[in-house]
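Dear colleague,

Please find below the structure that I am handing over to you. My notes on what was found in it follow directly after.

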Amino acid sequence: MGWSVDDRSWERLRNAAVRVAQSAYAPYSGLRVGAAALVVDRPDAEGRTTGDEPWMVVGCNVENASYGLALCAECGLVSALHAQGGGRLVAFACVDADGRPLAPCGRCRQLLYEHGGPDLLVATADGVRPLAELLPGAFGPLDLPVPPRRAGLAAVAAGDPPVPPVPPGSPPTGATPSDGSGAS
């Protein structure tokens with residue numbers, strides 16, 4: 001389902017991104033980056049969405065002397081999103097300290113996809129575009145097999161008995177002891 005964002009909301013996002021860019025830690029590149037997004041569907045304690053009004057989350061880049069460990073503004077934004085209870089991103093803006101739009105890098109497009117999906121609206125230098133246009137053929141959570149833990153929980157929810165976990169260091173099922181006795 002798409003989301004409509006008015007001009008005033010885009011201006012608020014850009015302004016918030018410029019403000020948070022001032023907090024960026026960028027001693028190596030000097031490029032201070034800020035990101036802001038509108039969020040909906042914050043889950044309550046039982047995991048149901050609350051239906052609250054959209055709210056804003058922000059993040060800034062944090063560089064590191066090893067360069068490869070630098071965190072993009074989008075990383076800070078997603079971390080703040082979950083620190084504040086989670087939700088779904090519906091509109092996103094990323095700018096430098098002067099307010100010029102910046103495109104998310106490939107890694108960050110993937111990160112945004114995980115938390116906003118293909119319909120996330122992204123402000124770019126060429127206008128607002130859905131994330132699906134910036135990351136075609138994206139790989140996401142639905143492309144993964146069901147993790148064993150979730151599969152076990154689904155079985156319990158369906159009434160099947162849970163499979164007990166294998167204690168660490170236990171031999172795999174059907175393995176014989178390594179003492180040569182052949183006893184199993």
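Is Tyr28 buried, partly exposed or exposed, and what is its relative accessible area? Tyr28 has a relative accessible area of 38%, and because buried means under 20% and exposed over 50%, Tyr28 counts as partly exposed. Please bear in mind that this is a predicted model.

The ring centres of Tyr28 and Tyr67 are 5.8 Å apart and the planes stand at 75°, so the pair is edge-to-face. Distant parts of the chain are linked by this pair, since its members are 39 residues apart. Tyr28 is in the loop between helix H1 (7-21) and strand S1 (33-40), while Tyr67 is in the loop between strand S2 (55-60) and H2. Tyr67 is exposed, with a relative accessible area of 59%. The backbone of Tyr67 deserves a remark as well: its phi is positive, about 60°, although Tyr67 is not a glycine.

The overall architecture is as follows. The chain contains five helices and five strands, and from the N terminus on these elements run α-β-β-α-β-α-β-β-α-α. Of the 184 residues in the chain, 32% are buried. Among the contacts with a separation of 6 or more, 61% are between residues 24 or more positions apart. The chain exposes about 11,300 Å², and carbon and sulfur atoms supply 57% of that area.

Helix H2 (73-83) has as its buried residues Ala73, Glu74, Cys75, Leu77, Val78, Ala80 and Leu81. These buried residues pack against S1, S2, S3 and H3. Just after H2 comes Gly85, with a positive phi of about 110°. Helix H3 covers residues 106-116, and its buried residues are Cys108, Arg109, Leu112, Tyr113, His115 and Gly116. Their packing partners are helix H2, strand S3 (88-96) and helix H4 (131-134). H3 is followed by Gly117, which has a positive phi near 80°. An α-helix has 3.6 residues a turn, so residues three or four places apart point the same way.

Glu114 is also located in H3. With a relative accessibility of 44%, Glu114 counts as partly exposed. Glu114 and Pro141 are 27 residues apart along the chain, and their C-alpha atoms are separated by 7.1 Å.

Ala93 is in strand S3. Its relative accessibility is 1%, and it therefore counts as buried. Apart from neighbours within four places in sequence, Ala93 is in contact with Leu13, Arg14, Ala17, Gly34, Ala35, Ala36 and Ala123. Ala93 and Leu38 are 55 residues apart along the chain, with 9.3 Å between their C-alpha atoms.

Val58 is partly exposed, at a relative accessible area of 31%. Once neighbours within four places in sequence are left aside, the residues in contact with Val58 are Ala16, Val20, Ala35, Ala36, Gly76, Leu77 and Ala80. The C-alpha atoms of Val58 and Ala80 are 7.1 Å apart in space, and the two residues are 22 apart in sequence. Ala80 is itself one of the buried residues of H2.

Finally, I turn to the open space in the model. Rolling a probe the size of a water molecule over the atoms shows where empty space is left. The largest pocket has a volume of about 270 Å³. Its lining consists of 19 residues, and those nearest its centre are Leu31, Val33, Asn61, Cys72 and Ala73. The lining divides into 14 nonpolar, three polar and two charged residues. Ala73, one of the residues nearest the pocket centre, is also among the buried residues of H2.

With kind regards

How values were computed:
Residues are numbered from 1 along each chain as its sequence is written. This is a predicted model: local features need pLDDT of at least 70, side-chain atom pairs count only at pLDDT 80 or more; totals for chains, interfaces and linings use all residues. Side-chain values use heavy atoms; hydrogens and water are left out. Helices (H or I, at least four residues) and strands (E, at least two) are DSSP runs, numbered from the N terminus. Buried means under 20% relative accessible area, exposed over 50%, partly exposed in between (1.4 Å probe, protein chains only). Contact means heavy atoms within 4.5 Å. Accessible areas come from the Shrake-Rupley method with a 1.4 Å probe; for residues, only the protein chains shown count as cover. On a 1 Å grid over the protein atoms alone, a cavity is a set of points where a 1.4 Å probe fits but cannot get out, and a pocket is an open set with protein on both sides within 12 Å along at least five of seven lines; lining residues have an atom within 4 Å of a point. Grid points are joined across faces, edges and corners, and a volume is the space filled by probe spheres set on the points. Ala, Val, Leu, Ile, Met, Phe, Trp, Tyr, Cys and Pro count as nonpolar, Asp, Glu, Lys and Arg as charged, and the others, Gly among them, as polar. Rings of Phe, Tyr and Trp (its six-membered ring) pair if their centres lie within 6.5 Å; planes under 30 degrees apart count as stacked, over 60 as edge-to-face and the rest as tilted.
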